[in-house]
Amino acid sequence: MTIIANSDVVFTSTAATEPLLNRAKLEATLDACQALMLFDISVPRNVDADVNQLAQVQCFNVDDLKAVVAQNQESRRQMAMEAEVLLEEEVETFLVWLRSLDTVSTISSLREKVETIRTQELEKALSRLGSEFAERHQEVIEALTRGIVNKILHDPMVQLRAQQDIEARRRAMQTLQMLFNLEAAGES
């Protein structure tokens, strides 16, 4: 009992058939202000249930620990279910992004083809305007033509990337490739 008097936490686990600790023994051993936490993992119990009548003593037995374990398992199960939902959402987001990569080559080919046309037409226009005008205003005209190209291509590119249905996206890419002769542009 001297060891218990000097302890804050006591674990019991013996093969005793009768309780080793009870309220009377602990009252005689503990100071009135000394807190004690008892963990009785014995079957049958080593600590009598009457120790719970002492204000400074907290006693936990196998049944209490089973309840804590069950509560923790339920909490972990709930967390796992929440994690699964988040994971499924992230997988779906990733798959949408991955499927959108199919459009990259078509979009790049389209942008490249339109940029080639823009550059050629800009050179023609600047040569017609004369070198003096071209030198003074080339940056402005270049920015103007780039802005026009970007605005024209913006909506088709956004729509192509956003297309969720794989078959519809494939058809849209084929249509763009055919309309703008992109496969031929990629081969040359």
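**Sheet.** I looked up the sheet first: three strands make an open sheet, ordered β1-β2-β3, with parallel pairing. For pairing I used the DSSP criterion of at least two bridges between two strands. Strands are DSSP runs of E with at least two residues, helices are runs of H or I with at least four, and both are numbered from the N terminus. At the edges I found β1 (9-12) and β3 (57-61), each pairing on one side only. From one strand to the next, the twist averages 15°; axes here are lines fitted to C-alpha atoms, for helices over the stretch in contact, and angles run from 0 to 180 degrees between N-to-C directions.

**Source notes.** The model is predicted, so to speak of local features I need pLDDT of at least 70, side-chain atom pairs count only at pLDDT 80 or more, and totals for chains, interfaces and linings use all residues. Numbering starts from 1 along each chain as its sequence is written, and side-chain values use heavy atoms, with hydrogens and water left out.

**β2 and β3.** I then checked β2 (residues 36-40), which runs parallel to β3 and is joined to it by five bridges. Opposite Leu36 I found Val57 in β3.

**Helix on the sheet.** Next came α3 (residues 62-100), which packs on the sheet and touches β2 and β3, contact being heavy atoms within 4.5 Å. The direction of α3 makes about 75° with that of β3.

**Val104.** Last, I placed Val104 in helix α4 (residues 104-129). Val104 is partly exposed, with a relative accessible area of 41%; buried means under 20%, exposed over 50%, and partly exposed in between (1.4 Å probe, protein chains only).
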